[in-house]
Amino acid sequence: MQYKVTTYSEDETMELAENIESEKFPNMVICLEGDLGSGKTVFAKAFAKSLGIKDNITSPTFNIIKEYDGAEMRLFHMDVYRFADIKQDIGIPEYFNKKGVCIIEWADLIEDILPKNRLDIRIKIVDENTRQFVITPRGNKYEDLCERVL
Ligand SMILES: Nc1ncnc2c1ncn2[C@@H]1O[C@H](COP(=O)(O)OP(=O)(O)OP(=O)(O)O)[C@@H](O)[C@H]1O
Ligand SMILES: [Mg+2]
């Protein structure tokens, strides 16, 4: 099953992230893939805001993983764009069991260590303000979630 959602502005992408956040659960994993400037960080920021995180969410490109305390659960925001440069294991899989939500930008680069159950979101740039989201739920919990909010 695959869901396609088109957004015509940054605000609409934020709304999509908020809708998905409304169905969050501990150890949820959201994998974002898409070109530079497609909207991965916009999605992560809106999700964080909806989780009640007041800190400014910055792109974790140079730290790989940033951790935030939400009202009900933590958010682990990762950007693995530079992951290939890092020769040692930085323990990413540990974060999948810490009871928070993981949002991973450029998740396709670490496909081999991703959990089997997860929400895959591929973002395509259509034009300046238009993005197509192809959302693939992997596992029952994610399928139910998509059925409820998409
Ligand atoms: N429909 C849309 N949804 C999301 N962002 C949009 C949309 N239309 C235009 N934009 C713009 O596209 C840009 C998306 O930037 P963002 O940092 O989220 O990309 P990214 O995918 O995280 O890139 P990177 O790979 O460099 O981290 C923002 O400048 C945003 O304003
Ligand atoms: Mg980004």
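Among contacts in the chain between residues at least 6 apart in sequence, what percentage join residues at least 24 apart? In this predicted model, the share of such contacts that join residues at least 24 apart is 64%.

View 1. Along its principal axes, the C-alpha trace spans about 40 × 30 × 30 Å. Of the 150 residues in the chain, 32% are buried.

**View 2. The surroundings of ligand 1.** A shell of 18 residues surrounds ligand 1, and the closest of them are Thr13, Gly39, Lys40, Thr41 and Val42. Three elements, namely α1 (10-21), α2 (40-50) and β7 (130-138), each supply at least two residues of this shell.

**View 3. The largest nonpolar core.** In soluble globular proteins, nonpolar side chains tend to be buried together. The largest nonpolar core of this chain has 31 residues, and the members that touch the most other members are Ile30, Leu32, Phe47 and Ile103. Two or more residues of this core come from each of α1, β2 (28-34), α2, β4 (74-79), β5 (101-105), β6, β7 and α3 (140-149).

**View 4. Leucine 32 and its contacts.** Once its neighbours within four places in sequence are left aside, leucine 32 is in contact with Lys40, Phe43, Ile103, Ile104, Glu105, Ala107, Ile121 and Ile123. One of these partners, Ile103, is also named beside Leu32 among the core residues that touch the most other members.

**View 5. Asparagine 129 in its loop.** Asparagine 129 lies in the loop between β6 (118-127) and β7. Is this residue buried or exposed? Asparagine 129 has 12 C-beta neighbours inside 10 Å, and it therefore counts as exposed, since a residue is called exposed if 12 or fewer other C-beta atoms lie within that distance of its own. Leaving aside neighbours within four places in sequence, asparagine 129 is in contact with Tyr8 and Ser9. Asparagine 129 and serine 38 are 91 residues apart in sequence, and their C-alpha atoms are 9.6 Å apart in space.

Note on methods:
Residues are numbered from 1 along each chain as its sequence is written. Chains are lettered from A and ligands numbered from 1 in the order in which they are written. This is a predicted model: local features need pLDDT of at least 70, side-chain atom pairs count only at pLDDT 80 or more; totals for chains, interfaces and linings use all residues. A residue is near a molecule or strand if its C-beta atom, placed from the backbone, lies within 6 Å of it. Helices (H or I, at least four residues) and strands (E, at least two) are DSSP runs, numbered from the N terminus. A residue is buried if 20 or more other C-beta atoms lie within 10 Å of its own, exposed if 12 or fewer, and partly exposed in between; C-beta atoms are placed from the backbone. Two residues are in contact if their C-beta atoms, placed from the backbone, lie within 7 Å. A nonpolar core is a set of buried Ala, Val, Leu, Ile, Met, Phe, Trp, Tyr and Cys residues joined through C-beta atoms within 7 Å.
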